[in-house]
Amino acid sequence: MFLSDLSIKQPVLATMLAVTLVTLGVFSYRELAIDQFPDVEIPVLTVQTLYPRASPETVEREVTKRIEEAMNTISGVRHISSTTTEGLSAVVIEFRLGTRINNAQQDAQAKINATRADFPADMKEPVIQRIDLNAIPVISLAVESATADIKTISSLAEKTIQKRLETVPGVGQVNLIGLARREIQVFLDRDKLKAYGLTYAQAQQALQRENIDLPAGKLEQGRQEPLVRVAGKFRSTEAFDHLVFSYRNGVPIYLPMVARVVDGIEDRTSASLIDGKPGLSLDVVKQSGANTVEVCDAIDQTVKQINAELPSHIRLRKVVDRSLFIRESVNDVQVTLVLGGLLTVLIVFLFLNSWRSTVITGTALPVSVISTFIIMRAMGFTLNLLTLMGLSLAIGLLIDDAIVVRENIVRHMHAGVDHFTAAREATAEIGLAVMATTFTIIAVFVPVAFMGGIIGRFFFQFGITIGFAVLVSLYVSFTLDPMLSSRWYDPAADPNVPRSWFGRGLAKVNDQVDRLRDVIAVALGWSLRHRWAVVLIATVAIVSSFSLFGKLGSAFMPSADPGQFQVSFKATPGISLDRSSEIAQQLEAEIRRNPGVDYTYATIGGNASKPINEGSIYIRLKERNVREHLRRAYALGLVDREAQPQRRLLHRRSGQLPPAPLEVRVAVNRNAAADLGLDLGAVASTMRGLVAGEVVSQFEDKDGDSYDVRLRVERSNRIRALDLLGLDLPAQYGRALVPASQVARLETGAAPSKIRHRDLLREIRISAGTEGRSLGEVIADIKQRTAALNLPPGYRIDYTGQTEDMAESFGYAGQSLLLAVVLIYAVLASQFRSFLQPLAIMFSLPLSLVGVAGMLYLVHDTLNMMSMIGVILLMGLVTKNAILLVDFANTQRRDGVSRNDALIAPARVRIRPILMTTLAMIFGMLPLAFELGAGAEFRAPMARAVIGGLITSTLLTLVAVPVVYTFVDDLGARFVRAWTHGTPKSARAQAPGD
């Protein structure tokens, strides 16, 4: 072969090329970022719109539906879902893969701008953003103090800590959870207002008029022109006492005469609890593309600096650090990679019984692994779980080619050939088989790298990483291995050289392998005489494996045990934040009763799309042996245009629907209001201002910080529903006051606190997790039961969430599996120059499924995405043994050996490299299969599937593939006879073979 001959003749060139690859790999490794998963662009947009004080149904009607209709006209839309709550519309648009998300975002903005005139006037501008999987908090910090109140802590966090953290490189946003922001609150006394004949509008106008700074131009003083400003803003809360509301009979009415001013805090929309104690926390979100580990390290340094500057009674404490699991996982994968490499090299040493041969063969490992970092850096990959897992799985593969080449060289040397000639001839002899095995593996990783769906985007780096590493290993086996074998004489390769006691012991082990060759040869001879019995046994084994697959159960992804997890809870809609906090405290107390829990951290509310009746509790475990697998949820939605009929239907069918929140409606008598000079707008604005309150002005303290001034009625005047009818409205166009009871009445009823849409239709979503059973089994039972519901026309049940993801991903995995089989056939047909012989080799593919099903069943694994990827990888691995057998058999037949003898000969000659390569792959993946380290449960199913398939495929391939080869050979002979029938003898010599 050209490469091997060139390397043998030019050893310095071969060495320098390998050194160059390793050097570039080392420098590339130093520049690789570390993250948990690959940076994948998700084709999803969100449109969030604030419509202050509007009810969910109003927001749905005026905002959500209009945005959904506008977004539905954009090309490439797959699904549109929305969540509507009080004052907020959140629309999520999912696009088909391949859609350019930047163009989609521009189209979405253009659609919003085109319909902006149709939206309510007081609606805020819609905010369009792209979904970024990495835009989640990487660190959560708690501000703790034994003496300071929440108001003081909030002020310090907002003014100092938040701003300091936002300047850290890589930090994109810092969100405050549990913030109690300062607010100047003016509480009007309803009775005093009525006594003085004042209205809410007059109080509002007075605060806006008297608390203001106005520019008054500038003075002309020659060379200087100082600005003039009328400083009317209050600089202290005591200054509000001098504000004049109005005059009655020439007597001024001051603010304290009708209202009470409180330097308080605004209504909180979130809460934070650390070990059950109320506090304040900061969620730090990194910038898109930033290195998570580097950002967390920089935040740690900044936190140390801030703690050194804070008062002694206030401290910043890190409660959540997402980089810890990433560090542990990456470190554990690296350890797994090293362990796999050592075990692989050990297998080589045991079989070759020579440390020189072991070094020559093992050179492929560091060169291939380190060189792979070159392609990772060139393509912008990171050191993440998938790329490192790919290298861990490839450990056994990377040494396979070198094993086959070195073993063949040693076999030639044992036959009496000198090491220089043996290196050249043995490499050329085995070259075709080595290339065929490597290219079949590449043919498998191409479909994995370009798998469809979001899951394919994640596995792209996985496939490219392994594919490049395998190509480098092929290069090393054709360059370094033969070069070192030709230049570095190995005395152990000479059977006449005396051996040490250890060497003699290993020789006895190898003698057992030689005996095994005779056993396999005898078994193969029997199989060739009883071909149909072997085919029948193999067929039964394959069919049995499919029935066993049905008992495994299915899931989207395997569960992992990161030593930390999160519990989400949802309380009754409409409850207060204080009540939600009490529920969270009770849950935390129950959780902390477990001695394995280190601490808990709870958040309630926290953002506009998460109401105050929903929260989550982060639980950090002391040790990872406290197994609490995360329950993966699926969603089941009932879709139609009206939600209330859905609620009644579900309640009638299941009887387990939570009650809808209570709503108090103020029904205005329009005729009575018109007679008093009132319109609906005046009633609604006055009622909203008195009950909910309105920000009417801004207050600046001595430091120049600005705070809201909120005007509303006293709390005692807005507790009961009947208090609403006692509120005074400005009748006769503001000249008189009348109670609301004269123009309105109260009605109570149920109203949704949250309205969901999916694909422009209303839905009710039911979410659940699985426990003790796989997701596939649970979904099958649910579908069976829902089929008996007999839903009315117009209703349907959709399965989303993990269920939809699993079905989609399994479909893409099936397509990749089919494509892999086709590519394997194309490679084998090209290598062996035959249309039929690849069929005999590919018979080892279904034989591997027997071991996959058996292994997953024994270890109680499900058929999930990781085990499916393992099956796809297995398709390229199990053909290696069959290729070695068929290639040697073809060589024997070309030398004039009979077919049966040619098929038995590989069992004697190629059994050693077959066992070596198989055991190398198995032992290389054992650390992964044994779930060693953080998040190993996520990686283990793939390794287990591969190991199980390799075991059964190796055992069955040695017997079944030669038998199938005979059938294929007979069929080929018939094709040749049919093809050449009736042709001249001179043309038969050129007739195609099989």
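Mentor: Gladly, and let's start with the words for angles: under 35 degrees counts as roughly parallel, over 145 as roughly antiparallel, 65 to 115 as roughly perpendicular, and the rest as oblique. The model is predicted, with local features needing a pLDDT of at least 70 and side-chain atom pairs a pLDDT of 80 or more, while totals for chains, interfaces and linings use all residues. Residues are numbered from 1 along each chain as its sequence is written, and side-chain values use heavy atoms, with hydrogens and water left out.

Now to the helices. The axes of helix H11 (residues 364–378) and helix H15 (residues 453–478) come within 8 Å and cross at roughly 135°. Here an axis is a line fitted to C-alpha atoms, for helices over the stretch in contact, and angles run from 0 to 180 degrees between N-to-C directions. H11 and H15 are therefore oblique to each other. The element names come from DSSP runs numbered from the N terminus: H or I of at least four residues for helices, E of at least two for strands.

A second pair to look at is helix H14 (residues 419–449) with helix H29 (residues 879–894), whose axes come within 9 Å and cross at roughly 155°. With that angle, H14 is roughly antiparallel to H29.

Next come the charged contacts. There are 29 salt bridges in the structure, each being a side-chain nitrogen of Lys or Arg within 4 Å of a carboxyl oxygen of Asp or Glu.

One of these salt bridges joins Arg 762 to Glu 60, with 2.5 Å between the closest N and O atoms. Arg 762 sits in strand S27 (residues 761–768) and Glu 60 in helix H3 (residues 56–71), so this pair ties together parts 702 residues apart in sequence. Arg 762 is buried at 10% relative accessible area, and Glu 60 is buried at 4%. For these labels, buried is under 20% relative accessible area, exposed is over 50%, and partly exposed is in between, using a 1.4 Å probe and protein chains only.

Glu 183 and Arg 710 form another salt bridge, their closest N and O atoms being 3.0 Å apart. Since Glu 183 belongs to strand S7 (residues 182–188) and Arg 710 to strand S22 (residues 706–713), the pair ties together parts that are 527 residues apart in sequence. Both Glu 183 and Arg 710 are buried.

Glu 144 and Arg 317 also make a salt bridge, again with 3.0 Å between the closest N and O atoms. This pair links distant parts of the chain, 173 residues apart, with Glu 144 in strand S5 (residues 137–145) and Arg 317 in strand S15 (residues 314–321). Here both partners are partly exposed: Glu 144 has a relative accessible area of 29%, and Arg 317 has 25%.

Stay with Arg 317 for a moment. Ala 142, 175 residues from Arg 317 in sequence, is 5.1 Å from it in space, C-alpha to C-alpha. Ala 142 is in strand S5, the strand that also holds Glu 144. Ala 142 is buried, at 0% relative accessibility.

Arg 531, Arg 893, Arg 899, Asp 969 and Asp 970 are linked in a network of them.

Finally, have a look at a loop residue. Ser 354 is found between helix H9 (322–352) and helix H10 (355–362). Ser 354 is buried, with a relative accessible area of 4%. Pro 491 lies 137 residues away from Ser 354 in sequence, yet their C-alpha atoms are 8.6 Å apart.
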